[in-house]
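Please read it alongside the sequence and coordinates shown here.

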Amino acid sequence: QLSLLRPTTVRLFSTSHSSVDLKEMKKFQLLAHKWWDEEGEYSALHSMNDIRVPFIRDTLLNMSSNYHLGNPLSGVKILDVGCGGGLLSEPLGRLGASVTGIDPLEDNIRTADQHKSFDPVLAKRIQYKSSSLEEIVEESMETFDVIVASEVVEHVADLEMFIRCCSQVLKPEGSLFITTINKTQLSYILGIVVAEKILGIVPAGTHEWEKFVPPEELERLLEANGFAVKTVNGMLYNPLSGSWSWIESTSVNYAMHAVKSGAEGQSSPAGTLSEMGSEQPSATAGTTL
């Protein structure tokens, strides 16, 4: 989830620059073998699954008329951008989704592939690829029902290009889920000073405050690229219990759900995801999957 996007020449656009940040790549290369250590550097991402997975699942089910008992996301094609070692790809695969995880760091993809191989069900449902988002645009136009970019947008070099690419590979009426960090004084104190320098919950140097993204800015970029923002929820991490919870305030961490506008007269993707119902996190949002 944390690392992202390999530098490449983007044929699709006139510009040759990329949304990949080389400095970010180097940071995460050093930790590529530690993704599945639940007590290690990525412990906060492991516990974030307790709220982000139900948020994704319940939002999609509230929009859907098709229910598959046991495999609620069966038939849903998900792109996990900046998938890291597969921490979010795996639980989504267990819910029945067909998941493609991409990450520019080959070491991350190796780790993800190896871990997936222990579970024959996941081995069929998840495929990983060492790639940047812009590298797959041409082959994947309007391919996915859902894109997940969790703890990723604060690491990209060009956020506008990133959002544009998301729109291009998403089907009309498809869903985009983002979790990230707001750009506030509080996020600097908690996200960098406390988390990195004092408690060491996150490896030092993981985040740069200048790259944090206010929800208003993210919303503006999404709307400019044909998305309607449906939900913005604050998230709070408790370092003492190692657990996450939903809160009203978005001043530090937040989750956003946006839907790409549909083409005129076109049905919703795969016949499964039509817009309806409430999209707030359900009462099950605190449960572990």
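Ser 245 is partly exposed, with 34% relative accessible area; buried means under 20%, exposed over 50% and partly exposed in between, with a 1.4 Å probe and protein chains only. The model is predicted, so local features need pLDDT of at least 70 and side-chain atom pairs count only at pLDDT 80 or more, whereas totals for chains, interfaces and linings use all residues. Residues are numbered from 1 along each chain as its sequence is written, and side-chain values use heavy atoms, with hydrogens and water left out.

**Surroundings of Ser 245**

- Ser 245 is found in strand 7 (residues 243–247); helices (H or I, at least four residues) and strands (E, at least two) are DSSP runs, numbered from the N terminus.
- Ser 245 touches Ile 51, Gly 234, Met 235 and Leu 236, not counting residues up to four places away in sequence; contact means heavy atoms within 4.5 Å.
- Between Ser 245 and Asp 50 there are 195 residues of separation in sequence, and their C-alpha atoms are 8.8 Å apart in space.

**Nonpolar cores**

- The largest nonpolar core has 40 residues, and those with the most contacts inside it are Leu 73, Ile 78, Leu 92 and Val 148; such a core is a set of buried Ala, Val, Leu, Ile, Met, Phe, Trp, Tyr and Cys residues joined through side-chain atoms within 4.5 Å.
- At least two residues of this core come from each of helix 1 (22–29), helix 2 (43–62), helix 4 (106–116), strand 3 (126–130), strand 4 (144–150) and strand 6 (227–238).
- Helix 2 gives the most to this core, with eight residues.
- Another core, of 31 residues, lies apart from it, and Ile 163, Cys 165, Cys 166 and Leu 170 are among its members.
- Leu 92 touches Ile 56, Leu 73, Ile 78, Ala 97, Val 99 and Val 148, with residues up to four places away in sequence not counted.
- In soluble globular proteins, nonpolar side chains tend to be buried together.

- Glu 24, Met 25 and Phe 28 are the buried residues named in helix 1.
- They are on the same side of helix 1 because they cover an arc of only 100 degrees around the axis, the arc being that of the directions from the helix axis to the C-beta atoms.
- The buried residues of helix 1 pack against helix 4.
- Exposed Leu 22, Lys 23 and Lys 26 sit on the face of helix 1 turned away from its buried side.

**Salt bridges**

- There are 11 salt bridges in the structure, a salt bridge being a side-chain nitrogen of Lys or Arg within 4 Å of a carboxyl oxygen of Asp or Glu.
- Asp 119 and Arg 94 form one of them, with the closest N and O atoms 4.0 Å apart.
- Asp 119 lies in the loop between helix 4 and helix 5 (120–125) and Arg 94 in helix 3 (residues 89–94), so this pair ties together parts that are 25 residues apart in sequence.
- Asp 119 is partly exposed at 23% relative accessible area, and Arg 94 is partly exposed at 44%.
- A network of salt bridges links Glu 90, Arg 94 and Asp 119.
- Asp 107 forms a salt bridge with Arg 110, with 2.3 Å between the closest N and O atoms.
- Asp 107 and Arg 110 are separated by about one helical turn because they are three residues apart in helix 4.
- In that pair, Asp 107 is partly exposed at 23% relative accessibility, whereas Arg 110 is exposed at 52%.
- Asp 145 and Lys 171 meet through their side chains in a salt bridge of 3.1 Å, N to O.
- This pair links distant parts of the chain, with Asp 145 in strand 4 and Lys 171 in strand 5 (residues 170–181), 26 residues apart.
- Both partners are buried, Asp 145 at 0% relative accessible area and Lys 171 at 18%.

**Cavities and pocket**

- The structure holds two cavities of 30 Å³ or more; on a 1 Å grid over the protein atoms alone, a cavity is a set of points where a 1.4 Å probe fits but cannot get out, and a pocket is an open set with protein on both sides within 12 Å along at least five of seven lines, while lining residues have an atom within 4 Å of a point.
- The largest cavity contains about 50 Å³ of space; grid points are joined across faces, edges and corners, and a volume is the space filled by probe spheres set on the points.
- Helix 2, strand 4 and strand 5 are the elements that give two or more residues to the lining of the largest cavity.
- The largest pocket contains about 450 Å³ of space.
- Its lining has 25 residues, of which Ala 195, Val 202, Tyr 237, Trp 244 and Asn 253 lie nearest the centre of the pocket.
- Helix 8 supplies the largest share of the lining of the largest pocket, four residues.
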